[in-house]
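User: I've got this structure open and would like to talk through some of its packing. Can we take it a question at a time?

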Amino acid sequence: MSDAVYKGGNAPRAAAARRDIGIKKRYAAEQRFRMYGVAAIAVGLFFLAALLWSVVSNGYTAFWQTSINLDVNFAESVIDPNGERATDPNKLLTANYPKLATEALVAKLGVDPENRKLVREVGGLISNGVRTQLRDMVVSDPAIIGTTRNVWVLASGDVDSAVKGQVNLEVDESRRKVSDQQLTWIRTMEADGVLEQRFNTGLFTRGASSRPETAGMGVAIVGSLYMMMIVLLLALPIGVAASIYLEEFAPQNKLTDLIEVNINNLAAVPSIVFGLLGLAVFINFMHLPRSASLVGGLVLTLMTLPTIIIATRAALRAVPPSIRAAALGLGASRTQTVFHHVLPLAAPGILTGTIIGLAQALGETAPLLLIGMVAFVADYPTSPLDPATALPVQIYMWANEAERAFVERTSGAIMVLLLFLAVMNITAIILRRRVERRW
């Protein structure tokens, strides 16, 4: 009897103890789950920070370019020795403009102009792009012929890398592209304020070039803008119209189910497949110009459509059914209900999906490679039908260059592309928060 009472008295205590143990285990499991989540976020942030550090540390120097200040004498004996420019203006295009810059630097450094070896080394300090720079000055204002002008010219890529500390100058002279004599001149010009690093506006304005100091992404930026305009003008109305029909008007049957499944599948198709489709349809069948922004825009439109359709359908589905019922109850037609009530309320979600789709299209490379936008394009496209390239493709081409100076330009272009993507995504978040309505 006493044993039964004893056991019966301990049973509630044992049950309570088991409950306490179970509660402690659940709390411990919840704490571990939180720790796993924090650890996952920390790992992700670590790799993101490592990526950004790698890009920024290699690319920030691309926004500065070494330049040399020269007093260039635009001697008529070099530019127009036979006095033919009055009858043949094209003579101004073929003059030996690098000679003018070399003579100016020879005079500034006090080098004997009769010493050909030293003169060649002096010429190696100046970028070959000086030909275009001085030529454009003369063509735009022939009156400067015979005068002396103060001009900042680009240093060569090897000099720029040496000034930025990107090459080891302690190795033997035979193993580097900048000689000891050139290093002496560089230090002298730096001390005199003749050579300095200036903001590299050419990185944003110039086109493709085989010389790193004169290479820019201006053509790529213009080509990307053309393509984004085409994607916006085509993908947005087509995607929204298709979404409205599927969500609001299409009957629920096997055909619409098949269409929905295929739209979802297209959103997961690798982008290179769209490039193959664009190559087969737009170039081989429709004979549109290769490397044109128009073709790139059409390919990216096909790739972006599923994203916009899915986002738009989700936004339309998020509008409460009571809105539709109230509009129909007051006598509005089905079309009036959709376009006057449902669509304006779904606009924030549609806008967000569109911007995200454009950001995704802006960063695509593989489909553009297949349609020929990897071409060497130095001149700005005047229309979407002209040859062009895109920012991610320009990054791809620079990454394949062998010269050390292209490494910083590759990372610099990545920084610009990431900035564009960040701005687009931040804009989508801000617009969504300002105009969305919570139900």
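User: At what angle do helix α13 and helix α14 pack?
Analyst: Keep in mind that this is a predicted model. Helix α13 covers residues 321–329 and helix α14 covers residues 334–362. Their axes sit 10 Å apart, and the packing angle is about 145 degrees.

User: Which residues of α14 does α13 meet?
Analyst: From α13, the residues involved are Ile323, Arg324, Ala327 and Leu328. Sorted by class, the contact has 5 nonpolar, 2 polar and 2 charged residues. On the α14 side, the partners are Arg334, Thr337, His341, Val342 and Leu345.

User: Is the ring pair of phenylalanine 63 and phenylalanine 204 stacked or edge-to-face?
Analyst: The ring centres are 6.0 Å apart, with the planes at 25 degrees. Planes under 30 degrees apart count as stacked, so this pair is stacked.

User: How many residues apart in sequence are the parts that this pair ties together?
Analyst: Phenylalanine 63 lies in the loop between α1 and β1. Phenylalanine 204 belongs to helix α8, so the parts tied together are 141 residues apart.

User: Is phenylalanine 63 buried or exposed?
Analyst: Its relative accessible area is 15%. Under 20% counts as buried, so phenylalanine 63 is buried.

User: What kind of aromatic pair do tryptophan 64 and phenylalanine 199 form?
Analyst: The rings are 5.7 Å centre to centre, with 85 degrees between the planes. Planes over 60 degrees apart get the edge-to-face label, so this pair is edge-to-face.

Technical notes:
Residues are numbered from 1 along each chain as its sequence is written. This is a predicted model: local features need pLDDT of at least 70, side-chain atom pairs count only at pLDDT 80 or more; totals for chains, interfaces and linings use all residues. Side-chain values use heavy atoms; hydrogens and water are left out. Axes are lines fitted to C-alpha atoms, for helices over the stretch in contact, and angles run from 0 to 180 degrees between N-to-C directions. Helices (H or I, at least four residues) and strands (E, at least two) are DSSP runs, numbered from the N terminus. Contact means heavy atoms within 4.5 Å. Ala, Val, Leu, Ile, Met, Phe, Trp, Tyr, Cys and Pro count as nonpolar, Asp, Glu, Lys and Arg as charged, and the others, Gly among them, as polar. Rings of Phe, Tyr and Trp (its six-membered ring) pair if their centres lie within 6.5 Å; planes under 30 degrees apart count as stacked, over 60 as edge-to-face and the rest as tilted. Buried means under 20% relative accessible area, exposed over 50%, partly exposed in between (1.4 Å probe, protein chains only).
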